[in-house]
Amino acid sequence: MSRVRIALLSITILALAALLFAPATSQSQTPQASPTPKPGGVLNMMLREDLSQGFSIHETATISTVWPAMPCLNNLVLFDPLKKTESVDTIIGELAEKWSWQDHYRNLVFFLRKGVKWHDGQPFTSKDVKFTFDMLREAPDAPAKLRINPRKDWYANVEAVETPDTYTAVFRLKKPQPSLLLMLASGYTPVYAAHVPPADYRTNCVGTGPFKVKEWRKGEYVEYVKNPDYFVKGRPYLDGLKYFVILERGTRQAAIQAGKLDVSFPGETSKTAAEQLKKAVPQLVITPFSQNVADNIIMNMKKPPFDNVKVRLAVSHAIDRRALIQAVQQGGAVVGAGLAPKPWGFWGLAEKDLVGLPGYGAKPADEKALARKLMGEAGYSRAKPLKVEIVTRAIAVYVDMASFVINELKQVGIEATLKQIETAQWHAMATRGDYQIGANLTGVGPDDPDANYYENYACGSPRNYSQYCNEEVMKMFDAQSQELDPKKRLALNFAIQKRLEADAARPILDWKLDYFTVWPHVKNLIPHQSIYNFGRMQEVWSDR
Amino acid sequence: MKTYVAQRLVIALLTLLGMSMVIFALLRLAPGDIVDILFSTAGYVSPSEKQAIMKELGIDRPYWVQYVDWMRQMLTGDLGKSYRYDQPAWQIIRPLVPVTLELAALSTLFAVLIGVPTGVISAVRQDTTLDYVLRLFSLAGLSMPAFWLAMVIILGLVTWFAWIPPLSYVSPFQDLKLHAVQFLLPALAVGYRSSALIMRITRSSLLEVMREDYIRTAWAKGQSGRVVIWRHALKNALLPVVTVIGIEFAFLIGGLVVTETVFNLPGVARFLVQAILWRDYPIVQNLVMFIAVVVILSNLLVDMLYGVLDPRVRYGG
């Protein structure tokens, strides 16, 4: 063989080797639904902490339960796992084959699937639907009661749940509420089995879902196996799921990097962490999406000085949202008002619409000058500054944000000291109103105005920590809830968000983004507009 | 000897009784309880619902009733039910115990295997380059927190080998090799720190003994260095070393929190911290009592070893 031929052959072999062994280039930013799914395989995933109330989704408001418990259960309807947008148009049937609004959105009729079995072999019927939703709305004749019921308010408009036959369930509403369907499509709304005491879900899971619990080793892992009797033929694709409890953040990141885990945890990966991971393992697929969690300021309106709207507005004007996003979130958040803005959410005000609202002015110096003027009008000055204690949870993401806020407030004559509150005390303190001002995080289940307003801004709601109560705004909440025309509803929502910011009801500082990370072989796991709604795993497959 | 052991057992029981009171009181003094935590996961608090759950869990009763109830349960071998998991505490604690015991034992073994020989060499070669190098090695061990070393090991493994140890416990009966790998690295991380302490104690103790008359006599009799050092000097220098080893082992039972967390080993210490955060009284109380028992037993064992190592030590009577 001539030297030239040897050289050519060597180059060809080297080129082929380079092609074979070079790291795969990054996939598209969003994992695409593949037309040819492959069955089999087990997905390894992470949990930041053990399941807080077992599989009892209805008794918690934390992603640490919803994410690992969702594969076991089903809703009546669910946001399509293959679509990242969550709206009425992307809702698909789960236990309900079809549904229909009747009597001008006052009756919601569900036609249930036949032949569905619970994991213990019992048949699923409309009795289970009535059991679940009577329990959730705490109907006087409900056969069971939840120990803790954080979303009772979601069903305040449900007058009755009727079951004309074994496979039909009718939700009779007090007034029209089209968005009820969106709340029913949230990961927070599974159907429980009527023959299983609700308390049992804290230790085990009898669901109808695509996966059955194989083992829950406390503090260690939760393991699922495929449900062979699942009512959707050919699903799930995976043979199993395993969620490892990994308390240390560095270990979680190392486990993803080493390929021990296939998927990150929703809400886990910051922009900085994502960039580090991508640098270390270029083939990882990283998808930015909305956590549907907002940094915000809560101010106790029942006590001075924050019963004075001028002081509240001064606080709101003082905080430079864009600087906060850069300094604290390293760019991993977006500005917005009461609801997440597009494209991360559907209902939120766009940045151009925020101009003119407190704290969103183009020039932070002008905003601070306005804040100082308002403080002066409220009777405070450099000689007589307002001294307050700002409370926050003793968790890094809260403390970082609170520290930034304190510095901003100092510039307008508000001398704030930080008080960190342990998690065990935080909600009790906030619900009691035992504070002046606080730096808070609020997560919203589905990206829907009703779920957010009635929970966080409505008169008397236990999660309305600022104790904001405005009858006029309550009427606006009801009006948008009952509005059937989507465009009109959107316009009403814009008006509400502007009003809430103008009242400094709970100034929103930013909407946090997550950088959901998966290995390229993980297919059909598509992050939604909310971290709480895409954990079913029915459509996910592994292309190993 | 029997009298001595009996006395020690009585003292041990009194210590445990004192410990039980301290841990019971400390837990109740900490702000918040399990019900506050449960509500915090739901994001709201309802005073009436809170009262109902407190009643259900029995934490609305007077403290002394709760304490007596716990003692009564312990005496009958019933550790109560975990508030968080709604399962018998023993079922949850049982799998954690062997993990921590094995890790502590392995760490102590590494500490002894590294610490004693290096201490001896350092003492025998006092003020030589080797002595300085070994002292530097031990100083580094004392200065490096175990959690930092553990994290460096994990980051090093993932950066250079794209590999980290298993994420859940691997039983030796399931896969012996993987089990060994899983425990080897954390045990080395912890053992290195403990070895530094043992090395320094061994060195100073041995240096002291080497200056004794009977060692000079042994040298004068023409005995070999090995016999003098290992048979005469080291045996007499070991008493403080054994004490330190005992203390280190006892400390490790409850002090492996960060190592277990970084290496994701489901042991007692890692779980204990979670249980404290959740105010899961039955789990915390019983795990602390378990740690106390191990500490007392290891101290007792050390005392017994004194008699074996030094026949001049006699007990009781």
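Two strands pair if DSSP finds at least two bridges between them. Helices (H or I, at least four residues) and strands (E, at least two) are DSSP runs, numbered from the N terminus. This is a predicted model: local features need pLDDT of at least 70, side-chain atom pairs count only at pLDDT 80 or more, and totals for chains, interfaces and linings use all residues. Residues are numbered from 1 along each chain as its sequence is written, while chains are lettered from A and ligands numbered from 1 in the order in which they are written.

**Exercise 1. Describe the hairpin of β5(A) and β6(A), then find what else pairs with β6(A).**

Step 1. Take strand β5 (residues 96–102) of chain A. It pairs with β6(A) in the antiparallel sense, over six bridges.

Step 2. Check one pair: A:Trp99 has A:Phe110 in β6(A) as its bridge partner.

Step 3. Look at the turn. Four residues lie between the two strands of the hairpin, and A:Asp103 there has a positive phi of about 50 degrees.

Step 4. Turn to strand β8 (residues 168–173) of chain A. Five bridges join it to β6(A), and the two run antiparallel. Here A:Asn107 has A:Arg172 as its bridge partner.

Step 5. Sort the residues of β6(A), residues 107–112, by face. A:Leu108, A:Phe110 and A:Leu112 are on the covered face. A:Asn107, A:Val109 and A:Phe111 are on the uncovered one.

**Exercise 2. Give the strand order of the four-stranded open sheet in chain A, and name its edges.**

Step 1. The order is β1-β11-β10-β9, with mixed pairing.

Step 2. The edge strands are β1 (42–47) and β9 (211–217) of chain A; each pairs on one side only.

Step 3. From one strand to the next, the twist averages 20 degrees (axes are lines fitted to C-alpha atoms, for helices over the stretch in contact, and angles run from 0 to 180 degrees between N-to-C directions).

Step 4. Follow β1(A) to its neighbour. Six bridges join β1(A) to β11 (residues 240–245) of chain A, and these strands run parallel.

**Exercise 3. Work out which face of α7(B) is buried and which residues are exposed.**

Step 1. Start with chain B. It has 14 helices and zero strands. Buried residues make up 40% of its 317 residues. A residue is buried if 20 or more other C-beta atoms lie within 10 Å of its own, exposed if 12 or fewer, and partly exposed in between; C-beta atoms are placed from the backbone.

Step 2. Check the length of α7 (residues 129–143) of chain B. The expected span is 1.5 Å times one less than the number of residues. For 15 residues this gives 21 Å, and the end C-alpha atoms are 21 Å apart, which agrees.

Step 3. List the buried residues: B:Leu134, B:Ser138 and B:Gly141. Seen down the axis of α7(B), they fall within an arc of 50 degrees, so they line one face of the helix. The arc is that of the directions from the helix axis to the C-beta atoms.

Step 4. Look at the face turned away from the buried side. It carries the exposed residues B:Thr129, B:Tyr132, B:Leu136 and B:Ser143.

Step 5. Find the cover. It includes α6 (96–124) and α9 (176–210) of chain B.

Technical notes: Contact = placed C-beta atoms within 7 Å.
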